[in-house]
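Please open the model in your viewer and keep the selection tool at hand. Each stop below names what to select and then describes what is there.

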Amino acid sequence: PPPAVVDWIRANAVPIRTAEAGHGFDDLEPLRETIGDARVVALGEATHGTREFFQLKHRMLEFLVARMGFDGFAIEANMPEAFDVNDYVLTGRGDPEKALAGLYFWTWDTQEVLDLIRWMRRWNNDPAHRTKVKFYGIDMQYPTRAAGNALEFLRRLDPAAADSADRTLRPLADPYRTRRGFGAQGSGLPTAAAADSALRWLAARLERPAGRDRMHASDREFVRARQDVRVVQQWLDLTSASGPAARDRAMAENVQWILDTGEPGSKLVVWAHNGHVSMAEPGAGAAGMGHALHAALGPDLVVFGFAFDRGDFQAVDAAPGGARGLAPFHVGPARSGSLDDAMSRGGNPIAALDLRRLPGSGEAADWFSRPQWTRSIGAVYADTFAERYYARLVPTESFDALLFVDSTSAARANARGARVSTGPKAAPGNLDFERGALGQPPPDWTGPMRLAADNYRAETRRDDARSGSLCGTLRRIGSRSYGETYGALEQVLDAAPYRGKRVRLSALVRVEPGSPRDEAFLQLRASSPPGKPGFSAGMEETPIRARGWRRYVVEGDIPPEAGTIAFGLAFVGKGAAWIDDVTLESGALENP
């Protein structure tokens, strides 16, 4: 970068002593002028896996709450499920680690974000703090909790109307069915048109509650129920023709909803990627949420972009032939002449820079007002394509200010204690479940992992109806659901022996329901490389509800490019599902 640019950065950057919270606020006090009377402060990030970014956001939140009267925190995560975290930070009820995992985003399931949540609880638990800090989500990528909430609320008001709405909308509250998405053959979901029509009817039904309804619910409950319907509508837009732009539009709407329904004068900190908070027109380096918020809020919004020069972060490995699992990455110094490089040359290990203090003219003003390269890494990364993870943006159009960390380390994932898959096997095993200890996971089978392990457990059990033989079970554990998940008991095989063949999965299954909506699904699926068709058959249209043992069959053609095939049982509900006598056949099959 030109020397005049580096000189201006050196003269105007605010050195920050540390990214770690709990070290006072004296070094952050100069940011008061940057933030001013803003009602919303948006904090970006150049990766979704950097420890110092997360810590610095935590420290900024503490400063904004303790010194500038902010009382809300909103993160790029599913809105309905985030109220579980809010319940913890306000009351202390629940498990904060499980509630964080229940947001579905591995990106936030880290020690750094958990530390932030626990600080919010400590702040709220202090009687000296009369203003309490609330936790929100602004995303809408999963419809299940929202759809279930809205339908249950309607059932309180009008059971007959709820029965009618259930026929169309209940599948949207099913985490097993919704994983397939609209348009997938045999998904068990309504058509997008039918879902849209039912959601519009439900929204209208909740818009102007009749007098009788007001006896059953408060105005606040109606507000939440209408927002649940809106989240499902937003998800429908995302998964239909509207595409990814619908997500940023929805997140901006949800930020506005938080402001509109909060206490008068409430102020909000928003956490999302640089691309989401950028105020620039949607395009390269900007996704649209920040642009929409800037149009709506004007000077009431202040946006901090984040940048770094070099260091470590975590992301999903997206390299061709890679494991595609979560992995640590290291990058060297940023591209010469980039925004990141210019900030590094400013000489501060950690710093803030108010771009609105630029002079009206001159070399520095000109440089920051022209497109510059900056690193932009989301949830995935590939070392082999490192140069693709830069965005070209105009700094002054994108951000009001920058927060910079010269050298970074990877965020630290929370240890969930769930079973870890050991990779595909060469051949199936223990299909009769006769090997295994009672009450323990069946050998050769993989049970619920990560978030699902908080809600379901796989066990080897004895069942009298099977003449004393051992069986596999999936049962619900715990009385509180964190996230909306389903339990799975499966085996994953190398697909090589099955490629290009027809495969038939057969098993005896029964259900012990804990609620009227408990369902099990025999499932068979095959994974394929990106761009190649996969295969999935899971009985979404004919779920298993029978209490007695019955044999069920699913089958399909395994693609020639398949990498793995997976088979087993899935269960959604509050009771348990049992499985035994599994067979997996391939080749020229007769009709069952």
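**Before starting**

This is a predicted model, in which local features need pLDDT of at least 70 and side-chain atom pairs count only at pLDDT 80 or more, whereas totals for chains, interfaces and linings use all residues. Residues are numbered from 1 along each chain as its sequence is written, and side-chain values use heavy atoms, with hydrogens and water left out. Helices (H or I, at least four residues) and strands (E, at least two) are DSSP runs, numbered from the N terminus.

**Stop 1**

Two packed helices are described by the angle between their axes and the distance between the axes. Axes are lines fitted to C-alpha atoms, for helices over the stretch in contact, and angles run from 0 to 180 degrees between N-to-C directions.

Select residues 144–157, which form helix α7, and residues 219–239, which form helix α12; their axes are 8 Å apart and meet at an angle of about 135°. That angle makes α7 oblique to α12. Angles under 35 degrees count as roughly parallel, over 145 as roughly antiparallel, 65 to 115 as roughly perpendicular and the rest as oblique. The crossing of α7 and α12 is left-handed; this term applies if the near helix is turned anticlockwise from the far one by less than a right angle, and right-handed applies if clockwise.

Now display the side chains of the contact (heavy atoms within 4.5 Å). From α7, show Ala146, Ala147, Asn149, Ala150, Phe153, Arg156 and Leu157; from α12, show Glu221, Phe222, Ala225, Asp228, Val229, Val231 and Val232. In the contact of α7 with α12, 10 residues are nonpolar, one is polar and three are charged. Here Ala, Val, Leu, Ile, Met, Phe, Trp, Tyr, Cys and Pro count as nonpolar, Asp, Glu, Lys and Arg as charged, and the others, Gly among them, as polar.

**Stop 2**

Met79, Pro80 and Phe83 of α4 meet Arg224, Gln227, Asp228 and Val231 of α12. The residues of this contact of α4 with α12 comprise four nonpolar, one polar and two charged.

Next, select α4 (residues 79–91) together with helix α6 (residues 111–125), where the angle is about 40° and the axes are 7 Å apart. The helices α4 and α6 are therefore also oblique to each other. Show Val85, Tyr88, Val89, Leu90 and Thr91 on α4, and Ile117, Arg118, Met120, Arg121 and Asn124 on α6, which make the contact. Six of the residues in the contact of α4 with α6 are nonpolar, two are polar and two are charged.

**Stop 3**

Which residues of helix α1 (residues 3–12) are buried? They are Val5, Val6, Trp8 and Ile9, where buried means under 20% relative accessible area, exposed over 50%, and partly exposed in between (1.4 Å probe, protein chains only). Look down the axis of α1: its buried residues fall within an arc of 160°, so they line one face of the helix. The arc is that of the directions from the helix axis to the C-beta atoms. Pro3, Arg10 and Ala11 are exposed on the other side of α1. The buried residues of α1 pack against α16 (339–345), β8 (350–354) and α17 (363–368).

Move to helix α15 (residues 289–297), in which Met289, Gly290, Leu293 and Leu297 are buried. Seen down the axis of α15, its buried residues fall within an arc of 90°, so they line one face of the helix. Their packing partners include β2 (40–43), β4 (134–139) and α13 (245–261).

**Stop 4: the loop between β12 and β13**

Most residues other than glycine have a negative phi. Select Asn430, in the loop between β12 (401–408) and β13 (456–462); its phi is positive, near 55°. Asn430 counts as buried at 8% relative accessibility. Phe433 lies in the loop between β12 and β13 and has a positive phi of about 60°. Phe433 counts as buried at 0% relative accessibility.

**Stop 5: Val394**

Finally, select Val394, in the loop between β11 (390–393) and α18 (395–398). Val394 counts as buried at 13% relative accessibility. Not counting residues up to four places away in sequence, Val394 touches Phe368, Ser369, Arg370 and Pro371.
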